[in-house]
Amino acid sequence: MKKFSYIQSNIKRIAVVAMMLSAAACSKMLDSEDDGRTEYSVIFSNRNKITTFYTSCLSTLVAPNLTSVSFCDEGVNASLYKDNNIIRWYSGLITTSEHGINPWGGDPWGSAYSLIRKSNIFLAHIDNETSQMNIDQRNGMKAEVLAYRGYYFWQLAKRFGGVPVFTEPLLPSHDFSQNVRPTFGDVVRRVIADCEEALKGPDTPIGFPWEWSQRTEGHINPATCHAIMSEAVTYAVSPLWYDGNISREYATEITGRALYECLSHGYELFETENLSIAQNAYALYFLTMEGWNGGDRETIFRVGGQLRVWADNGLPSTAQQSSAGSCPSQNIVDCYEMKTTGLPPVLGYTDREKTIPSINYASGYDLDHPYAGRDPRFDASIYYNGAVRFLNAPAGQKVETFEGGMEGIRNNDNRYSPTGYYLRKYNHWDSRQGSSMDGAMRMFRLAELYLNFAETANRSHGPDVPVSINPGFSISARDAVNAIRRRAGMPDFPAGMTADEFETKYRNERTVELAFEGHRGFDVRRWKILNETDGHITGMKITGGGGTPIYERFAFEERKCNTDKYLIFPINLTEVRKILLQTGNNWQNQGWDY
């Protein structure tokens, strides 16, 4: 039927080209401080003007978006029958000019290069400022602009691959025909260079401090530099991008150092519980907004404000909810292991549509009670049939996704889930109109650094070999994953797995830990498994809800957005034509038109 801190304690003991911009940004990029239009010496002789220019170089650029859940195997959008953009994406009809609808922050190309241009000008002049700034303040500004430039290059590279890299203001006489497209690894090297230089900034309150309390939201600190580098090298040694430019050993060195530095500077996995608000520490973490002052020492960089899950991705039984939004799929539900055994409930599928699972009976999975005994992160992330609706009354109202239930599937009504599941992550059980208590998404958090290290260390050393990440302190890939699982209340990964066995189980762990955070769409691409994951998406139909429920998996119409063409984002057609005109080379990514 088809439808459209154990590691934390140990740590503490050891104490080129600018023309590829958007139409508006391109002409600006070709201007320089020598063209007579701007006297930068005036700006850099006045503290207020310096501060204003510095601030204009800083932007989060893109942000995690819950819409991304619907554009990978994590979920299906409740508007799939009504929204033409969603229909075109699922049907594989997206073109280069329409790819800007993508849910991973839109197309950051023009904005990123405008910011890079400003950053290059700032960095070219700040060392020679004549306003007599405090040296720590000046060097702190320089460090953050360097870090942000690395961040901009990284956000471009993870979407488009090799992109223009330039680090100096360009002159009108610049000969673009001499520019050659860099590799993905080349761009990552630039990202690392910028972040490493930024880390030389002064760790003082007015400089480039580690302490969150000394920086407001939207500012990068040294931890963010390490997080950017950690993610970048992890991608660089993934199947899609690995070309030897970044070695597996070097990637492990970077991810290990990032993890160690953050832990040694007070970052730790969030383990506070408040059962009146959330089911466990993992659930509570995503409702926490106050940063270090509120006990959150896991978040490294948060982008965007409070979500309105109750309204935009909520349950229809919530008054004034407007849409079910991005609804979890059966595919993602199958990823949550059994709590007691730590084994997956499903080993695979015997049909192409993924509606007939191969049950792993050794796991303890019960077909008649499919949601019982699962990884605690499942209950924290997904509303399912029979889930407790109000945590202050656990014996009271339950979620009803069965046919005829309050949250049951209703086709062509975007207030109801098409999959039989609703998003719970970030959602406070009592959020409603006039009282929104939902949480926020993170760009970088400590858990990802553990996972990045585990992935790279397994590739370079295997799962069980301790890797020195600082003199006197070593950790294995398995240790890093187990730190995450212990917070979640899950059994450790067993010792003795092969690297391939570890990789398989690790990928599932990463999927679960980072579910609905904007990572999955990038992960399946860099692992080159998009053709395996994103074609057939399933849901769960439940009948007999008033008595003995009957569970029936169903498949949505096959998606056509899972070919190799979709592994890398297309460069905007206007930009490609500019490149072709000025260099004679076609820089468009494979499979996209130009």
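## Helices H7 and H9

Helix axes here are lines fitted to C-alpha atoms over the stretch in contact, and the angle between two of them is taken between their N-to-C directions, on a scale from 0 to 180 degrees. The structure is a predicted model. In it, helix H7 covers residues 135-160 and helix H9 covers residues 222-236. Their axes come within 10 Å and cross at roughly 25°. Because angles under 35 degrees count as roughly parallel, H7 is roughly parallel to H9. The crossing of these two helices is left-handed.

On the H7 side, the residues that meet H9 are Ala 147, Tyr 151, Trp 154 and Lys 158. They face Cys 225, Ile 228, Glu 231, Ala 232 and Tyr 235 in H9. By class, the residues of this contact divide into seven nonpolar and two charged, with no polar ones.

## Helices H16 and H17

H16 passes H17 in a left-handed crossing.

From H16, the contact is made by Ala 477, Arg 478, Val 481, Ile 484, Arg 485 and Arg 487. From H17, Phe 502, Lys 505, Tyr 506, Glu 509 and Glu 513 take part. The residues of this contact comprise five nonpolar and six charged, and no polar ones.

## Two residues with positive phi

Most residues other than glycine have a negative phi. Leu 61 has a positive value, near 70°. Leu 61 lies in the loop between helix H4 (47-56) and strand E2 (75-77). With a relative accessibility of 18%, Leu 61 counts as buried.

Phe 516 is not a glycine either, and its phi is positive at about 65°. Phe 516 counts as buried, at 1% relative accessibility.

## Cysteines

How many disulfides does a search of the whole structure find? The search finds zero. A disulfide needs a pair of cysteine sulfur atoms within 2.5 Å. For Cys 72, the closest cysteine sulfur is in Cys 561, 9.8 Å away, so the two are too far apart for a bond. Cys 72 is buried, with a relative accessible area of 1%.

For Cys 335, the closest cysteine sulfur belongs to Cys 72. The distance is 11 Å, which is too far for a bond. Cys 335 also counts as buried, and its relative accessibility is 15%.

Glu 196 is found in helix H8, residues 184-198. Glu 196 is partly exposed, with a relative accessible area of 24%. Leaving aside neighbours within four places in sequence, Glu 196 is in contact with Met 229, Ile 254 and Arg 257. Glu 196 and Gly 314 are 118 residues apart along the chain, and their C-alpha atoms are separated by 42 Å.

Is Ala 319 buried or exposed? Ala 319 is exposed, with a relative accessible area of 55%. Its place is in the loop between helix H12 (309-312) and strand E4 (326-328). From C-alpha to C-alpha, Ala 319 is 47 Å from Leu 146, and 173 residues separate the two in sequence.

How values were computed:
Residues are numbered from 1 along each chain as its sequence is written. This is a predicted model: local features need pLDDT of at least 70, side-chain atom pairs count only at pLDDT 80 or more; totals for chains, interfaces and linings use all residues. Side-chain values use heavy atoms; hydrogens and water are left out. Helices (H or I, at least four residues) and strands (E, at least two) are DSSP runs, numbered from the N terminus. Angles under 35 degrees count as roughly parallel, over 145 as roughly antiparallel, 65 to 115 as roughly perpendicular and the rest as oblique. A crossing is left-handed if the near helix is turned anticlockwise from the far one by less than a right angle, and right-handed if clockwise. Contact means heavy atoms within 4.5 Å. Ala, Val, Leu, Ile, Met, Phe, Trp, Tyr, Cys and Pro count as nonpolar, Asp, Glu, Lys and Arg as charged, and the others, Gly among them, as polar. Buried means under 20% relative accessible area, exposed over 50%, partly exposed in between (1.4 Å probe, protein chains only).
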